Amino acid sequence: MGADKAPLKLNDGGEQAKAATRRGLFHEEGRYYRWVLGKLVPYGFLAPALVIYIAFLIVPFFGTAFYSLTDYTGLGTPHFIGMSNYSAFFGDGATLSAFRNTIIWTVTMVTVPTVLGLLLANFLRGSGRWQGPVQAVFYLPAVLPMVGVALVWNWLYNPQFGFLNAFLGAIGLGSLAPDWLGSTNTAEPALLVAGIWVSIGFPMVLYLAGLQTISPELYEAARVDGASRWDLFWHITLPGLREMHIVIIALEMISSLQVFALIYAMTDGGPGNATQVLGTWMYANTFGFNKVGYGSAIGIVLTVMAMSVTVPYVLWMTRHE
Amino acid sequence: MSEMPRTPAAPARKAIRMTMRIVRGAIVIVVCFLFMFPLLIVLLTALQPEGDILNRGIAAVPEHLTLDNFPGTWNDGALSSYYRNSMLILCVKVPLGILISTLAAYPIAHLRYRLRRPIFVLLLLGLGFPVIVALYPLLQLLRQMGLGGSLWVLLPPYIAFGIPFEVLVMRGAFASVPYEMIEAGRVDGASEFRIWARLCLPLVLPAVASLAILDAVSTWNEFVMALILIANQSDQTLPLGLLNLQGQFTSNYSELASGIILGILPMVVLFLVARRWLVRGIATGAVKG
């Protein structure tokens, strides 16, 4: 990149350089060019990341957005069919069931693990000796491959030999033992239990980190004023974790909207489509039924849902920039 | 309290406090045990001969404990190939991804230019893009690049989807480098690259280590992209291998369980060894954003 080329591309062929020199901002034009080159330094640092990020993350999303407006099947040429795939979305029972289950997942994962994680963190902060091991126990599932987690629960739920039904049999309730993942009534709750199990560790770890930032003096002062333990939790701990609440709820929403591996490896959306979520349903349509156009529309709906959380969250995170 | 005279009730109160502590400890142990129960059952299954599981049931007290299931599973399940592939992609992806993101994070933390916030926002939006939605066009793109038939088809998307979190963590780390130090480097005439490499990088090494561990975990565990992008079984990574085991050992529960144990073992070990780094990485990544 020659020093004399940069400003040519950026603006007006050296006019600004001369003007700036005239105004006495730079002693000579060469200084000006060096100054312009300096302006490019940040982009030099950013270039590798931006190129890869745009090529392999942003561009494919536009590809999917394009396919969502077509009848593409994976073969031949895609034909533009406007918003048909989107109108089909809201008339398709299986898709609406996937939509509903996605909402159920999101609401469950934002509430249950978050509350349990908060309770655990609050319990652990005061108990020095327990803190490390208990934290390890509850965080361990989060570092396992999700497929591994799925297989663990599949074995527990196994209708013939799994522990749950063996246990029910042992206490004389064998007649009640259901096919946990194979029947419409129990499959979704069974999945949710596994999902909660994996998800507790994350909010717990974050809340523990957040609790360390609350000054102990606040608690001391309140105790002197005769506040109860409940008062301390309600008026100091909870408000003190405000930022953590935002971070955790946003990240839990983002990840539960995207839930895929656990469901794919446990029920693959079945029985019927009882446990389908938008991720698995998009996958089934795009890669299973060769309905790339329709699958892409499902994907775009999912993306819009995820972005409606991510955009405000990212703007909030970068508010001090 | 301390001004009160010792009353006969004091020892009693002490006893109550002791009892409370023991009860509390017992509850903690029981809750932890129940939480670990699904994993313990798998371990117990892996350590018993298949016949015992089928005849006596998993809820029975085990009669024989054995390690015999493991070698068979390792060979029948072709686990060494999955391990090798996962290790290969991890060893390339993690350093490369962190290098790229560490470069990108520096100007976001310490340089002034007009597009700073828009670029940071753009990079962070990737935190929320559902991976699976991008995969069809991504597959076409990667095939056109001629990567379709190898393990390395995973490398570009793994790096791309790792950038948002890595940049977030590294920007937080760079932001904690004092501005005066960087200014002093500039006064001494060092280039920005030199300031990045010689002044900042040594100071953010702890963050790099935390990030490397987090990144290793998520690369090792990645499933969706591998499921869709990898064409040949010989290129499959460990999560796919685990899924294959489920199909392969449909009715041999002991072998399946030993496969699950072998599949999750590396992460369990890494977790036990590097828990502090991991937890610190998660916390800083989320908080310092």
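Biologist: What makes the crossing of helix 4 of chain B with helix 10 of chain B right-handed?
Modeller: In this predicted model, helix 4 of chain B passes helix 10 of chain B in a right-handed crossing, a term for a near helix turned clockwise from the far one by less than a right angle. Helices are DSSP runs (H or I, at least four residues) numbered from the N terminus.

Biologist: Why are helix 4 of chain B and helix 10 of chain B called oblique to each other?
Modeller: Their axes, lines fitted to C-alpha atoms over the stretch in contact, cross at roughly 135 degrees and come within 9 Å. Angles under 35 degrees count as roughly parallel, over 145 as roughly antiparallel, 65 to 115 as roughly perpendicular and the rest as oblique. The two helices are therefore oblique.

Biologist: Which residues of helix 4 of chain B meet helix 10 of chain B?
Modeller: Among them are Ser86(B), Ile89(B) and Lys93(B), and the helix 10 side includes Val208(B) and Trp220(B). Contact needs C-beta atoms, placed from the backbone, within 7 Å.

Biologist: How many residues does each chain give to the contact between chain B and chain A?
Modeller: Chain B gives 76 residues and chain A gives 68. Helix 13 (residues 253-287) of chain B supplies the largest share of the chain B side, 14 residues.

Biologist: How are residues numbered and chains lettered?
Modeller: Residues are numbered from 1 along each chain as its sequence is written, and chains are lettered from A in the order in which they are written. Local features need pLDDT of at least 70, and side-chain atom pairs count only at pLDDT 80 or more, whereas totals for chains, interfaces and linings use all residues.

Definitions and conventions: Axes fitted to C-alpha atoms, helices over the stretch in contact; angles between N-to-C directions. Contact = placed C-beta atoms within 7 Å.
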